[in-house]
Amino acid sequence: MPAAPETAHHTPPLNALRLSGIGKSFGGATILSGFSLDVPEGQRLALIGGSGSGKTTVLRLIAGLERPDAGDIELFGRRLPYRRFAGRLIPDDPPEMRELRRPIGMVFQHFNLFLHLTALENVTEAPIHVLGQPPAEARREALALLDSVGLADLADRYPRQLSGGQQQRVAIVRALALRPRVLLFDEVTASLDPEKVAEVLAVMRTLATDERVTMIIVTHEMGFAREVADRVVFMQRGVIVEDAPAIDFFTAPRDPRSRAFLNLAS
Amino acid sequence: METLLTTVIALAPRLVDGAMTTVAITLLTAPFAALFALIAGLARLSHVRTIAVAAVVYVELFRGTSLLVQLFFMFYVLPLIGIELSPWTTGVATLALNFGAYGSEIVRGALLAVPRGQIEAALALHMPPNRVLRRVLLPQALPAMLPPFGNQLIELVKATSLLSLITISDLTFVGNALAQTTGRVTTVYILLLAVYFGIAYTLTLAMRALERRYGVARTMAAAR
């Protein structure tokens with residue numbers, strides 16, 4: 001277990017993440033309103049729901065790609081420093097904000113590998129230029145990580161010379177290179193050819209065996225969610241419809257809307 | 001008996017001097033123009049409103065008025081309010097400001113063309129904004145700027161001829177003088193056209209080489 005940051009009250013178990021009273025709207029359309037969610041450290045949470053349910057927005061708010069309109073985000077017991085300015089929340093201290101978010105890693109639906117860098121350079125970019133790791137050491141670790149997902153041979157290829165599945169595996173390794181404690185997966189298999197989905201899921205399955213890393217997985221792969229997640233949060237129109245242990249959710253969903261969704265998804 | 005060849009040989013030294021001046025003005029102006037373009041292009045995308053507005057004012061002012069009038073203004077009016085600049089400084093500064101204004105739109109367009117996901121990936125890796133710009137945005141946007149910047153460079157070569165009107169002995173200035181003193185109007189102006197073309201075409205070839213080295217196709221490695 002990595003050392004947990006000191007919190008005021010010491011109320012175990014430590015939440016990796018706590019969202020409380022989050023509001024978010026885009027151009028008048030309310031996506032989230034009074035949204036709250038606690039994620040204990042080490043949990044594998046599957047966030048599921050139809051399109052427009054707000055599940056991707058939740059991830060993007062956590063990652064800092066969107067700003068909440070209202071509410072608080074806590075990471076490992078520390079509140080992210082937003083302040084109200086002209087009716088909106090803005091980062092109070094951007095460097096501090098980045099520092100607090102450092103434990104978060106994110107993997108995207110469309111991979112978003114840096115197109116001008118090779119696979120290896122994609123992975124070493126942040127360790128060298130954000131963490132200040134010596135380049136030789138960063139390269140060694142990156143190659144080991146690439147090797148662990150079967151891509152060491154392709155380290156010098158550019159993203160456009162790689163298949164979707166290969167790109168996504170590089171993207172996962174890129175996130176891992178910063179040794180995240182919370183990993184966010186935003187529909188990471190949704191834009192892959194069916195035969196490439198398995199290779200990415202295999203990598204994520206391996207990751208899920210590491211108890212120290214908290215995973216929040218937005219996915220349409222119900223079979224995978226059932227297999228890997230400990231907990232399922234099912235959302236509809238920005239609201240949590242059902243929040244249950246994965247086994248219960250998939251075998252005996254309580255809410256009729258969950259049942260309808262599962263019937264459609266399977 | 002004076003032949004065409006002997007005329008050309010007689011004119012050559014002065015024309016070469018003028019051509020060198022034209023090339024010097026171009027090469028001196030281009031880096032400043034690129035710098036102004038970069039600054040103004042970035043400023044236009046700033047979230048700070050005053051910075052963005054200042055950039056718009058600069059760009060629209062220099063795009064919306066005549067380059068020749070701008071030169072005359074700098075050359076004749078600035079001294080009246082106590083700002084004395086040499087003709088060279090006046091010429092290079094005005095050209096650079098004018099071409100920087102046009103170039104800023106190239107910069108802005110190229111930056112906006114970088115896919116949003118590239119920026120988000122950088123932010124998700126906790127890069128501070130200046131690193132996102134330097135390590136992700138600019139390396140991807142610069143190759144896309146090369147072809148339109150090449151175009152601007154050719155425009156710049158031709159625009160330098162206006163500096164002949166503020167006493168700089170560039171190729172056009174020398175040509176005009178030779179046409180008057182020798183009376184060989186046709187020969188002189190044909191030579192002038194040829195030399196301008198030679199300079200412009202050389203720069204075109206240089207830009208193409210640059211594109212082959214750093215252009216979009218190469219850096220993005222579209223094909224194996």
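This is a predicted model: local features need pLDDT of at least 70, side-chain atom pairs count only at pLDDT 80 or more; totals for chains, interfaces and linings use all residues.
I start with a hairpin. β1(A) and β2(A) form it with 2 residues between them, and A:Gly27 in the turn has a positive phi of about 50 degrees.

Residues are numbered from 1 along each chain as its sequence is written, while chains are lettered from A and ligands numbered from 1 in the order in which they are written.

One of the bridges sets A:Leu19 against A:Leu37 in β2(A).

Which strand of chain A does β1, residues 15–26, also pair with over 5 bridges? That is β4 of chain A, residues 70–75, again in the antiparallel sense. In β4(A), A:Ala70 is the bridge partner of A:Gly23, and A:Asp72 is the bridge partner of A:Ser20.

Together these strands belong to an open sheet of 4 strands in chain A, ordered β2-β1-β4-β5, with antiparallel pairing. β2 (29–40) and β5 (78–79) of chain A are at the edges with a single partner strand each, so one side of each has no neighbour in the sheet. As a reminder, side chains in a regular strand alternate between the two faces of the sheet.

Helix α1 of chain A, residues 55–63, lies across β1, β2 and β4 of chain A and runs at about 115 degrees to β1(A). For angles, axes are lines fitted to C-alpha atoms, for helices over the stretch in contact, and the angle runs from 0 to 180 degrees between N-to-C directions. Contact between two residues means that their C-beta atoms, placed from the backbone, lie within 7 Å.

Next, the other sheet in chain A. An open sheet of 6 strands has the order β8-β9-β10-β3-β11-β12, and its pairing is mixed. β8 (104–107) and β12 (239–245) of chain A are the edge strands, each pairing on one side only. On average, neighbouring strands of this sheet are turned by 15 degrees against each other, direction ignored.

A:Ile104 has A:Val182 in β9(A) as its bridge partner. Helix α5 of chain A, residues 164–176, lies across β8 and β9 of chain A at about 170 degrees to β8(A).

Now helix pairs. In chain A, the axes of α3 (residues 119–129) and α4 (residues 135–148) come within 9 Å and cross at roughly 130 degrees. That makes α3(A) oblique to α4(A); angles under 35 degrees count as roughly parallel, over 145 as roughly antiparallel, 65 to 115 as roughly perpendicular, and the rest as oblique. Nonpolar covers Ala, Val, Leu, Ile, Met, Phe, Trp, Tyr, Cys and Pro; charged covers Asp, Glu, Lys and Arg; the others, Gly among them, count as polar.

Chain B has a pair of its own. The axes of α3 (residues 67–77) and α4 (residues 87–113) of chain B come within 10 Å and cross at roughly 140 degrees, which makes α3(B) oblique to α4(B). α3(B) also passes α4(B) in a right-handed crossing. The contact includes B:Leu71 and B:Phe75 of α3(B) and B:Ala93 and B:Asn98 of α4(B). It has 5 nonpolar, 5 polar and no charged residues.

Finally, the interface. How many residues of chain A are in contact with chain B? There are 21, and they contact 20 residues of chain B. On the side of chain A that touches chain B, α2 (94–101) and α3 of chain A are the elements giving two or more residues. The largest share, 3 residues, comes from α3(A). By class, that side of chain A has 10 nonpolar, 6 polar and 5 charged residues.

Definitions and conventions:
Two strands pair if DSSP finds at least two bridges between them. A crossing is left-handed if the near helix is turned anticlockwise from the far one by less than a right angle, and right-handed if clockwise.
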